[in-house]
Amino acid sequence: MFRRRAIDRNHQSRIGLQQKNELAARKVVPSEFAIFTLFKIAAEIAAILDTLPLTMKRKHPDLETRHLDTLMRELARARNQASGLDSLLPELLDDYFDI
């Protein structure tokens, strides 16, 4: 019994050391960092999407209002999807590890 506990502790120590080494070598990142980074990227994308209809109208004045309206609706859907990304990622992470 004592020997099994020692083996388990040694195994856990090796796993912990391996994880620290992989983190130090930048082979892995904490999930919090990944969530933070993706949230920041989503915010940058949302800013670009916000200006897209005006940019299209300025560069292509021949576009009809109905085309721009369709574009704005689709962009709103994309922005809404991206805005919930930070709350969705932990759930997706759980789903990934459950596979």
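**Figure 1. D95 lies in helix 4, which spans residues 85–98.** This is a predicted model, in which local features need pLDDT of at least 70 and side-chain atom pairs count only at pLDDT 80 or more, whereas totals for chains, interfaces and linings use all residues. Residues are numbered from 1 along each chain as its sequence is written, and side-chain values use heavy atoms, with hydrogens and water left out. Helices here are DSSP runs of H or I with at least four residues, strands are runs of E with at least two, and both are numbered from the N terminus. D95 has a relative accessibility of 39% and therefore counts as partly exposed, given that buried means under 20% relative accessible area, exposed means over 50%, and partly exposed is in between (1.4 Å probe, protein chains only).

**Figure 2. A patch of negative charge on the surface brings together E91, D94, D95 and D98.** Such a patch is made of residues with over 30% relative accessible area and no salt bridge, like charges being joined within 9 Å; a salt bridge would be a side-chain nitrogen of Lys or Arg within 4 Å of a carboxyl oxygen of Asp or Glu. Asp and Glu count as negative and Lys and Arg as positive, while His and the chain ends are not counted, and each charge is placed at NZ of Lys, CZ of Arg, CG of Asp or CD of Glu.

**Figure 3. S87 is also placed in helix 4.** With a relative accessibility of 56%, S87 counts as exposed. S87 and L75 are separated by 12 residues in sequence, and their C-alpha atoms are 20 Å apart in space.

**Figure 4. D50 belongs to helix 2, which covers residues 31–59.** The relative accessible area of D50 is 45%, so D50 is partly exposed. Although D50 and R79 are 29 residues apart in sequence, they are 8.5 Å apart in space, C-alpha to C-alpha.

Figure 5. Along the sequence, the pattern of the protein chain reads α-α-α-α. The radius of gyration, taken over C-alpha atoms, is 23 Å, well over the 13 Å that the globule rule gives for 99 residues, so the protein chain is more spread out than a compact globule; that rule is 2.2 Å times the number of residues to the power 0.38. Along the principal axes, the C-alpha atoms fill a box of roughly 80 × 25 × 15 Å, and of the 99 residues 7% count as buried.

Notes: Patches are made of residues with over 30% relative accessible area and no salt bridge: like charges are joined within 9 Å, nonpolar side chains (Val, Leu, Ile, Met, Phe, Trp, Tyr) within 5 Å. Accessible areas come from the Shrake-Rupley method with a 1.4 Å probe; for residues, only the protein chains shown count as cover.
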